[in-house]
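Here are a few notes to read alongside the model.

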Amino acid sequence: MKLGQEEMRSRFERERAVRLATVDDRGRAHVVPVIFVVDGDVFYSPTDKPKSGNPRPKRLRNLDRDPRVTVLADCYDENWLGAWWVRLRGTARVIDAGPERTRALGLLDGKYEQFDGPRYLKDGGPVVAVDIRDWLGWAYSEQSAQPVAQPGRRRPWRERSRLRLRSSRA
């Protein structure tokens, strides 16, 4: 079932890590797990500062050529009633300095206990900002938002298939 805007945002923002996809110089998807925050219609994710002699992270080099980005949050569950995904797409900007970077780092510092915002502000790399163009989300069922059944409980789709088998034998 398709998810509404509020539900997509809620599920996405609760996640601790998502996958960020950029397009490389050969037109292939380059996908990396990232930490993030969403502020209104902008997705923010920090990147590492290049070490001496090393190039900028590949996702930043990809964005220099093509700013299109897709970000995916998802939950797979063996009980498919708990399965869902939310995808956002947009155009990325690389923020090296300034108040928007400072704000994004403050938001990240608030979300992740282990993130050291003040240190990152001084010594960290750029922040990827994605101006979100569209959201799309799907869930197996309305129950996907609820805690899923405990292991060992009968799975509804298996029950339905057993019923079909019994009725076809009759």
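1. A word on terms to begin: buried means under 20% relative accessible area, exposed means over 50%, and partly exposed lies in between (1.4 Å probe, protein chains only). This is a predicted model, in which local features need pLDDT of at least 70 and side-chain atom pairs count only at pLDDT 80 or more, while totals for chains, interfaces and linings use all residues. Residues are numbered from 1 along each chain as its sequence is written, and side-chain values use heavy atoms, with hydrogens and water left out.

2. Please look at the aromatic rings, which form seven pairs (centres of Phe, Tyr or six-membered Trp rings within 6.5 Å; planes under 30 degrees apart are stacked, over 60 edge-to-face, the rest tilted). Phe 12 and Phe 43 make an edge-to-face pair, with 6.3 Å centre to centre and 70° between the planes. Because Phe 12 belongs to helix H1 (residues 5-14) and Phe 43 to strand S4, this pair ties together parts that are 31 residues apart in sequence. Helices (H or I, at least four residues) and strands (E, at least two) are DSSP runs, numbered from the N terminus. Phe 12 is buried at 0% relative accessible area, and Phe 43 is buried at 0% too.

3. Trp 138 and Tyr 140 form another edge-to-face pair, at 6.4 Å centre to centre and 85° between the planes. Here Trp 138 is partly exposed, at 31% relative accessible area, and Tyr 140 is partly exposed at 29%.

4. Ring pairs also join Phe 12, Phe 36, Phe 43 and Trp 135 into a cluster.

5. Which residues touch the most other members of the largest nonpolar core? They are Phe 12, Val 18, Phe 43, Tyr 44, Val 71 and Leu 88, out of 36 residues. Such a core is a set of buried Ala, Val, Leu, Ile, Met, Phe, Trp, Tyr and Cys residues joined through side-chain atoms within 4.5 Å. Strand S7 gives the most to this core, with seven residues.

6. Finally, helix H3: Arg 101, Ala 104, Leu 105 and Leu 108 are buried there. The face of H3 turned away from its buried side carries the exposed residues Pro 99 and Gly 110.
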